[in-house]
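Keep the sequence and the model side by side as you read.

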Amino acid sequence: MPHAATAEAAPTSSGLIWSGRALSGLVVLFLLFDGAIKLVPLQVVIDTVIPLGWPADAVTWRALGIVLIASALLYAYPRTAFLGAILITAYLGGAVATHVRVGSPLFSHILFGVYVGVALWVGLWLRDPRIRALLR
């Protein structure tokens, strides 16, 4: 049998797993909040996106809110967490690209999506031994 099919993840300390769950939980809560304010959509969402060159129509923001919430829920569920992480990473890449395009400040705006993405993947790495095994 191929090595990959028989490889098992190394034992993991419960502290590592709980740290990953806590970090992942913070990311999920932030993304659910961000998705929820797009569903309504609150006026602050519309006022914020107009200078970024995005359309102000509610349909666009509701669709993005649904995509973000669905991706966050996929990430929160252990069996689909990897797929959720990939989808959220793509979503955050769009946010970074938008801020680069309009010349937003680097550390507070452009890199914010990178910060969330790093927390997302570190949380998944800490809580899922299969992800750690892939990176060995």
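Q: Is Asp128 buried or exposed?
A: The model is predicted, so this value is computed from predicted atoms. Asp128 sits in the loop between H7 and helix H8 (129-134). Its relative accessibility is 9%. Buried means under 20%, so Asp128 counts as buried.

Q: Which residue's side chain does the side chain of Asp128 join in a polar contact?
A: Asp128 lies in a loop, between H7 and helix H8 (129-134). A polar contact of 2.8 Å links its side chain to another side chain. The partner is Arg130.

Q: Which residues does the UniProt annotation "transmembrane region" cover?
A: The annotation comes from an unreviewed UniProt entry. In the model, residues 23-46 are 88% helix and 0% strand. Residues 58-77 are 95% helix and 0% strand. The annotation covers residues 23-46, 58-77, 82-100 and 106-126.

Q: How far apart are the end C-alpha atoms of residues 58-77?
A: This span is 95% helix. It is also one of the spans in the UniProt annotation "transmembrane region". Its end C-alpha atoms are apart by 29 Å.

Q: Is Leu68 buried or exposed?
A: Leu68 belongs to helix H4. Beyond four places in sequence, Leu68 touches Leu31, Asp34, Gly35 and Tyr91. Its relative accessibility is 0%, and the cut-off for buried is under 20%. Leu68 therefore counts as buried.

Q: How far apart in space are Leu68 and Lys38, C-alpha to C-alpha?
A: In sequence, Leu68 and Lys38 are 30 residues apart. In space, C-alpha to C-alpha, the distance is 9.3 Å.

Q: Which residue's backbone oxygen lies 2.9 Å from a polar atom of the side chain of Ser71?
A: Ser71 is placed in helix H4. At 5% relative accessibility, Ser71 counts as buried. Leaving aside neighbours within four places in sequence, Ser71 is in contact with Gly84, Leu87 and Ile88. The backbone oxygen at 2.9 Å belongs to Val67.

Q: Which element gives the most residues to the lining of the largest pocket?
A: The largest pocket has a volume of about 700 Å³. Of its 27 lining residues, the closest to the centre are Asp34, Lys38, Leu52, Ala95 and His99. Elements that give two or more residues include helix H2 (14-39), helix H4 (58-76) and helix H5 (81-102). With 8 residues, the element that gives the most is H5.

Q: How many residues in the lining of the largest pocket are nonpolar?
A: The lining is sorted by class. It has 2 charged and 7 polar residues. The nonpolar residues number 18.

Note on methods:
Residues are numbered from 1 along each chain as its sequence is written. This is a predicted model: local features need pLDDT of at least 70, side-chain atom pairs count only at pLDDT 80 or more; totals for chains, interfaces and linings use all residues. Side-chain values use heavy atoms; hydrogens and water are left out. UniProt positions are given in the numbering used here, feature names are shortened, and annotations may be inferred rather than shown by experiment. Helices (H or I, at least four residues) and strands (E, at least two) are DSSP runs, numbered from the N terminus. On a 1 Å grid over the protein atoms alone, a cavity is a set of points where a 1.4 Å probe fits but cannot get out, and a pocket is an open set with protein on both sides within 12 Å along at least five of seven lines; lining residues have an atom within 4 Å of a point. Grid points are joined across faces, edges and corners, and a volume is the space filled by probe spheres set on the points. Ala, Val, Leu, Ile, Met, Phe, Trp, Tyr, Cys and Pro count as nonpolar, Asp, Glu, Lys and Arg as charged, and the others, Gly among them, as polar. Buried means under 20% relative accessible area, exposed over 50%, partly exposed in between (1.4 Å probe, protein chains only). A polar contact is a pair of N or O atoms within 3.5 Å; within protein, one must be able to donate a hydrogen and the other to accept it, and residues adjacent in sequence count only if both atoms are side-chain atoms. Contact means heavy atoms within 4.5 Å.
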